[in-house]
Amino acid sequence: MPKLKILGVGGSPRKNGNTTKMVQKALEAAANVDGVETELYELAGKKLNYCIACYKCLEKGECVFDDAVNEFIPKFLAADGLIWGAPVYHMSVPANMKALLDRVGNLMLSHFLWKGEMMPRFNKVCGVLTNGGHRNGGQDLVLSFLGGSCIMLNGILISGETVMGSYIGASAWTGKGMDLSGKDNILEDNEGLMCAESVGKRVAEVASIVKAGMVALGDKLPSEYTYAW
Ligand SMILES: Cc1cc2nc3c(=O)[nH]c(=O)nc-3n(C[C@H](O)[C@H](O)[C@H](O)COP(=O)(O)O)c2cc1C
């Protein structure tokens with residue numbers, strides 16, 4: 001069987017900060033599962049316009065903007081599993097992550113409609129993680145939002161390790177006294193990092209099970225589960 005691909009998305013506007021380190025922890029755990037290869041995609045520094053609702057994607061099958069979304073889409077399509085990570089910004093996700101999800105979500109619908117098809121059952125196994133500068137700074141809201149986005153993209157959302165309090169994904173607290181700006185503060189939240197590991201491991205395990213099931217079904221796999229861009 002070809003290697004299973006797990007893509008981690010670091011959704012912070014700043015490079016190699018707490019979110020990226022948390023996603024990397026999850027990817028390391030995923031890579032320990034047999035037959036898995038991982039890739040990190042950081043949004044920091046990427047040009048990413050927000051959706052302007054022009055609906056040209058329905059006419060052309062592609063977005064009017066040529067930016068990071070075009071780089072991201074082949075990676076998304078090739079992934080068997082995804083780990084979506086974002087910091088908490090004002091009780092929600094940062095604007096770049098929202099822009100990515102709005103654009104990718106709409107394009108997945110409209111590209112396939114443009115081809116005369118329905119959006120495929122992508123079946124991508126997804127885990128979500130976040131970190132905030134405050135202990136209760138809106139982490140659950142971010143996890144809910146990211147989880148909802150996974151489901152909207154026809155993904156399979158997995159939980160973390162419920163015993164560790166990681167119900168719908170992994171969350172961490174990066175506040176160190178009043179220092180909210182440190183890019184390494186996450187390294188002091190062992191519990192948050194352990195939750196990230198459990199999410200990464202489970203994404204890889206469930207993605208292996210799903211892939212094995214799809215291979216075993218062969219010709220019996222309903223057509224909406226296979227697709228070409
Ligand atoms: C514009 C902005 C808004 C923020 N809003 C929140 C918030 O609502 N709740 C919270 O807990 N932390 C908030 N934070 C803190 C970040 O979530 C925290 O520093 C996080 O660890 C940053 O992740 P990064 O290092 O990957 O960029 C905010 C930070 C910024 C810059």
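**Notebook: a predicted chain and its ligand**

I began with Asn 154, where a polar atom of the side chain lies 2.8 Å from the backbone oxygen of Pro 120. I count a polar contact as a pair of N or O atoms within 3.5 Å; within protein, one must be able to donate a hydrogen and the other to accept it, and residues adjacent in sequence count only if both atoms are side-chain atoms.

A note on the source before going on. This is a predicted model, in which local features need pLDDT of at least 70 and side-chain atom pairs count only at pLDDT 80 or more, while totals for chains, interfaces and linings use all residues. Residues are numbered from 1 along each chain as its sequence is written, and side-chain values use heavy atoms, with hydrogens and water left out.

**Asn 154, continued**

I found Asn 154 in the loop between α5 (139-152) and β5 (156-157). Helices (H or I, at least four residues) and strands (E, at least two) are DSSP runs, numbered from the N terminus. Is Asn 154 buried or exposed? Asn 154 is buried, at a relative accessible area of 19%; the cut-offs are under 20% for buried, over 50% for exposed, and partly exposed in between (1.4 Å probe, protein chains only). I then listed its contacts (heavy atoms within 4.5 Å). Leaving aside neighbours within four places in sequence, Asn 154 meets Met 119, Pro 120, Arg 121, Phe 122, Asn 123 and Lys 124.

**The ligand**

Next I went to the ligand and its shell of 17 residues, in which the closest are Ser 12, Thr 19, Val 88, Asn 131 and Thr 174. The shell divides into 5 nonpolar, 11 polar and 1 charged.

One lies 2.9 Å from a backbone N or O atom of Met 91, and a backbone N or O atom of His 134 is 3.0 Å from an oxygen atom of the ligand. With Thr 174 the side chain takes part, its N or O atom being 2.8 Å from a ligand oxygen. How much of the ligand does the protein bury? Alone, the ligand exposes 650 Å², and the protein buries 77% of that. Areas come from the Shrake-Rupley method with a 1.4 Å probe; for residues, only the protein chains shown count as cover.

Thr 19 sits in helix α1 and is buried, with a relative accessible area of 2%. Beyond four places in sequence, Thr 19 touches Gly 11, Ser 12, Gly 85, Ala 86, Pro 87, Leu 129 and Asn 131.

Most residues other than glycine have a negative phi. I noted Ala 53 at about 55° and Tyr 55 at about 60°. Ala 53 is in the loop between β2 (36-42) and α2 (56-60), and Tyr 55 is in the loop between β2 and α2. Ala 53 is partly exposed, at 47% relative accessible area.

**The whole chain**

Finally I stepped back: the protein chain has 6 helices and 6 strands, and of its 229 residues 48% count as buried.

Note on methods
A residue is near a molecule or strand if one of its heavy atoms lies within 4 Å of it. Ala, Val, Leu, Ile, Met, Phe, Trp, Tyr, Cys and Pro count as nonpolar, Asp, Glu, Lys and Arg as charged, and the others, Gly among them, as polar.
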